[in-house]
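The sequence and the coordinates are shown first, and the description follows.

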Amino acid sequence: MPSDRRSAPLRAVIVDDETPARQLLREYLGDFPGIDLVGECANGFEAVKLLPELKPDLLFLDIQMPKLTGFEVLELIEPPPAVIFATAYDQFALKAFEIHAVDYLLKPFSKERLAEAVDRARERLHHHRKLPVASLATEARGTGTPLERVLIKEGSRVHVIPVDRIDYIEAEDDYVSIHADGKKHLKQQRLTELEGLLDSQRFVRVHRSFIINIDRIARIELYAKDSRVAILKDGRQLQISRSGYEKLKDRL
Amino acid sequence: MHPLLTGRGTIALYVAAWLVIAALIAALLIIPGTFGWSAAAMLVLPMAIVYAFMCLSSYYLCRAFPLLSTNVLKVFIVLLVAAVATSAVWVLAGSAWAMALGSLFNDAQFWERYRLQYPLLFGIGVVLSLLVAAVHYVIIAFEQARAAERRAYELRLLAQGAELKLLRAQIDPHFLFNSLNSVAALISSDPDGARTMSVRLAGFLRESLRLGAQEFIAVREELALARDFLRIEQVRFGKRLQVEESVTPDAETVIIPSLLLQPLVENAVTHGIAHLVDGGTIRIAARRTAARLIVEVWNPCDADRPRSKGPGIGLQNVRYRLSTLYGSDGSLEVEETNRYFRVIVSLPSTAER
């Protein structure tokens, strides 16, 4: 029942790496009758680990944090809650609204301003339950600069892989396996989607199943009449299709 | 003041040129047999020296009628009239001198013979006067070029000074916003802490304005400011931000460009500590070796951070200031690994305070 949901307290979580910032928000929220503060996280890793258990309706999220930024946290949690960003930096505001944030609070903010944001969140949650934040987060970044690191969630752990450590990426059904630092990480994403996010000058789709980091290529050898193989610096061999070879020739 | 009369060298050169001219005029009088050697010399030498200084007066005419902004024909007419007048006066003055010499040598024909040379001397006088005027225009053009060059240099110095001042004065506004947020948080839970924090913040701002207004300060002052800054940041970051200092006493007194280290310390916090879940220790070191001051700022950093493509704007500013003030004598080097980031600044330690 919508009316019930409207009167039921909202489960809220604060994610901020600065103790005083969490403390201030906690204190402000203490005076809001309809808010039930169920948890606090001091960094993005904690958030990714705790949020699936806490299942909050509303997230107060800092952007600049160690390890994972606020945007990256959103990318990793399912289902995404309603988000109110709280940060001292105004240059992220545009991106925040691109991913349909409920509101954007600039530190330091007043309790009145916070009340406005909370009202807006209640309104939003009342009208449409599901917010497609995560896919929009990816989309928003896709329009800007290329991906700098790939995030992989394994259970409650998050691996952060800077793209320059990636050797190659292989398609495996609905997953991709990312080969970096001699290890293999599985990520639920389509190869084509990941290809669109990476820097096309450094990462080339050489085959239906492979994206290769061109810095890792030692040499290219003829394999059969129409196909070639790339020999990586560590000796591994990857198949190259004819159209893949055309793309590679342009980059090398 | 006439530019040719400002130095002994230029006067000597000018007079020497006129001695040559005097010799040529004398030759014109001797070769046809009008005058003997000594008589020609006695007549022409004083006349030439006098005329040398008479011709200088056209400098002011040349200044009044600049070549570029005046009709060239008009300039020529003005100068020609002046040359005719000057030459006439000169020939008549020469006539008086010839009369005096005539009575000195007891030669009744002396003046008569001089009088016959009126047209020749008058012509020479006009040509010489115009020649000197031409020299004046060359001198004026040269002076203008030099003045323009100096003005451009002064402007450049002024612009550079303003730029350097601007580079010194940059305070990151986010530092202020975050600090004010901490004060807001402390007000109810720890009123004393809030008071201390606002006093420290005010102290830091006042001190950075005061030091930023000076071009050079002592290392001691710069380090005190960095300490203020780090104490404020420690309220935000808590135990995540630790600081170690190792500064030798002889380094503290060296004079350095003001607020040179502040951006390095700020970077160590915002690009280092702020990205680490458990934080770490920033190390600041300063020492003197021979005639140099070496300052190092070291901070741990996150191995998974996105790598910067080059030095950030803060480091670029410091490098620019060093090269502007010390040329190749000042340097900033960066050592970057997966685990830490280190900046080493080296500059001459000539001045102390």
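## Interface between chain B and chain A

In this predicted model, about 2,200 Å² is buried between chain B and chain A, and carbon and sulfur atoms give 47% of that area. The contact involves 26 residues of chain B and 24 residues of chain A.

Five salt bridges are found across the interface of chain B and chain A. In one salt bridge, the side chain of D304(B) meets that of R165(A), with 3.6 Å from N to O.

On the side of chain B that touches chain A, helix 7 (173-189) and helix 9 are the elements that give two or more residues. Helix 7 of chain B gives the most, with 10 residues. The residues on this side of chain B comprise 11 nonpolar, eight polar and seven charged.

## The sheet of chain B

Chain B holds an open sheet of five strands in the order 2-4-5-7-6, with mixed pairing. Strand 2 (241-247) and strand 6 (331-336) of chain B form its edges, each pairing on one side only. Neighbouring strands are turned by 10° against each other on average, direction ignored.

Six bridges join strand 6 and strand 7 (residues 340-348) of chain B in the antiparallel sense. E335(B) stands opposite R342(B) of strand 7.

## Helices on the sheet

Helix 9 (residues 219-237) of chain B packs on the sheet and touches strand 2, strand 4 (280-289) and strand 5 (292-300); its direction makes about 165° with that of strand 2. Helix 11 (residues 262-272) of chain B also packs on the sheet, touching strands 4, 5, 6 and 7, and its direction makes about 15° with that of strand 5.

Definitions and conventions
Residues numbered from 1 in each chain as written. Chains lettered and ligands numbered in written order. Predicted model: local features only at pLDDT ≥ 70, side-chain atom pairs only at ≥ 80, totals over all residues. Heavy atoms only, no water. Pairing = 2+ DSSP bridges. Helix = DSSP H or I, 4+ residues; strand = E, 2+ residues; numbered from the N terminus. Axes fitted to C-alpha atoms, helices over the stretch in contact; angles between N-to-C directions. Contact = heavy atoms within 4.5 Å. Buried area = accessible area lost by both parts, 1.4 Å probe. Salt bridge = Lys/Arg side-chain N within 4 Å of Asp/Glu carboxyl O. Nonpolar A, V, L, I, M, F, W, Y, C, P; charged D, E, K, R; others polar.
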